[in-house]
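I opened this entry to look up a few helices and some backbone angles, and I keep my notes below in the order in which I checked them.

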Amino acid sequence: MRKLLALVLAALAASAGAQDCSILGQNQTVHQTMNDWYYWYKNLPAVSPATFADPEAVLDALRYRPLDSTFSYISTASSSQAFYGESQYLGFGFSMKFTTGYELRVTDVFPSSPASEAGFDRGSEILTLNGKSIQRTYDDGEWGTIWGGEEMGYAVDVAFRNSAGEAKSARIAKRVVTIPTVPLVSVHETAGRKVGYIVFKNFVEPSYAALDAAFAQLRDASATELVLDLRYNGGGLIAVAQYLGGLIGGDRTSGEVFAQYVHNDKRSSQNSALRFTRPASAFPLNRLIVITTKSSASASELIINALKPYMQVVVVGDNSYGKPVGQYGFKLCEKMLWAVSFSVQNSLGQGDYYNGFAPDCRAADDLGHPLGDPNEASLAVALTWVSTGACPAAASAQA
């Protein structure tokens, strides 16, 4: 089984023998693991594990904050398995972002979720949470708690305006939600070319079959170009990124270096190279157009970096997040410690893109149109680039 292997190679090292699951025991495990495996272990402060209330507090104190404010984290083992193994999480079933000031807009809604059943759609504006405006929620210091933790059934009363301008309200309660890894595949014709368009949401175990089906669909439709929409894809399993890279690169990358793992000097014996495969669903592509936003991270950025030595990769949208490092999963009793343990470089030794990838053509994440609509700003710019080989004048001026 490939499930989770790409990110849990070091779990045995942390779980060999019986673990002490007292608070002190877990604190000591985090402290020792970070000293052994953390990519920036030389920058760790001197702390005593016994002085912290829980392992999360230890991790927070040890972070190398110039670069790692969120990369390393602790989760429950069950939530990690659900996400990476099944593309599931406990939540409300939507994603959101601030646009102007305290204007909070819905960017995506997952099917058969509390949010979809409440009437959320792309572009909806959330007006109040439990009767308070978004700004008041912030001013009262409740933003960090209003959405709850990993608690089944936790509910929030929401007032919102949908994309059609209709005022609505609902109580949404957390439950297990499945994220479709490839929710949209379509073909657009421009300048006599058939352009495949794939929205890809996360690099998880179900992605293998979903990507195979998507590429087979585009191949059967005689697509010769590909626009890969990673605008909300925060990453996941590196093995899935390697597989996707092979689908895009096909024969030209088969057997070539996809990525190189570089560990700290204590773990340099773990340094290795991953190579592209050539999955059966691959079809000839001479270049790739990727749509990104600041939510495009980790494995999404790895795809860009890994393919650049072999083919033209054009980035449309906004700067990506900037995460050129990866984590191993270490068993921590009923939890998992995901500690940054290596940096990822391409075949030319290029990495360190902590500021993300800047777009070749800057374009808006257009909440006024559904994803896949050729009039949606980012897709429109991508299609223009296919037909002209250049950014639209407005996008070039913005960039």
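**Helix α4**

In this predicted model, I looked up which residues of helix α4 (residues 77-86) are buried, and found Ser80, Tyr84 and Gly85. They cover an arc of only 100 degrees around the axis, which puts them on the same side of α4. I then asked what covers these buried residues, and noted that the cover includes β1 (73-76) and β18 (335-345). Just after α4, I saw that serine 87 takes a positive phi of about 60 degrees.

**Helices α8 and α9**

I next took helix α8 (residues 238-249) and helix α9 (residues 299-307), whose axes come within 10 Å and cross at roughly 40 degrees; α8 and α9 are therefore oblique to each other. The crossing in which α8 passes α9 is right-handed. Listing the contact, I found Ile238, Ala241, Leu244, Gly245, Ile248 and Gly249 on the α8 side, meeting Ala299, Leu302, Ile303 and Leu307 of α9. By class, the residues of this contact divide into eight nonpolar, two polar and no charged.

**Positive phi in loops**

I kept in mind that most residues other than glycine have a negative phi. Alanine 191, a residue other than glycine, has a positive phi near 50 degrees, and I placed alanine 191 in the loop between β10 (184-190) and β11 (193-199). With a relative accessible area of 53%, alanine 191 is exposed. Aspartate 352, not a glycine, has a positive phi of about 55 degrees and lies in the loop between β18 and β19 (361-362). I noted that aspartate 352 counts as exposed, at 54% relative accessibility.

Note on methods: Residues are numbered from 1 along each chain as its sequence is written. This is a predicted model: local features need pLDDT of at least 70, side-chain atom pairs count only at pLDDT 80 or more; totals for chains, interfaces and linings use all residues. Side-chain values use heavy atoms; hydrogens and water are left out. Buried means under 20% relative accessible area, exposed over 50%, partly exposed in between (1.4 Å probe, protein chains only). Helices (H or I, at least four residues) and strands (E, at least two) are DSSP runs, numbered from the N terminus. The arc is that of the directions from the helix axis to the C-beta atoms. Contact means heavy atoms within 4.5 Å. Axes are lines fitted to C-alpha atoms, for helices over the stretch in contact, and angles run from 0 to 180 degrees between N-to-C directions. Angles under 35 degrees count as roughly parallel, over 145 as roughly antiparallel, 65 to 115 as roughly perpendicular and the rest as oblique. A crossing is left-handed if the near helix is turned anticlockwise from the far one by less than a right angle, and right-handed if clockwise. Ala, Val, Leu, Ile, Met, Phe, Trp, Tyr, Cys and Pro count as nonpolar, Asp, Glu, Lys and Arg as charged, and the others, Gly among them, as polar.
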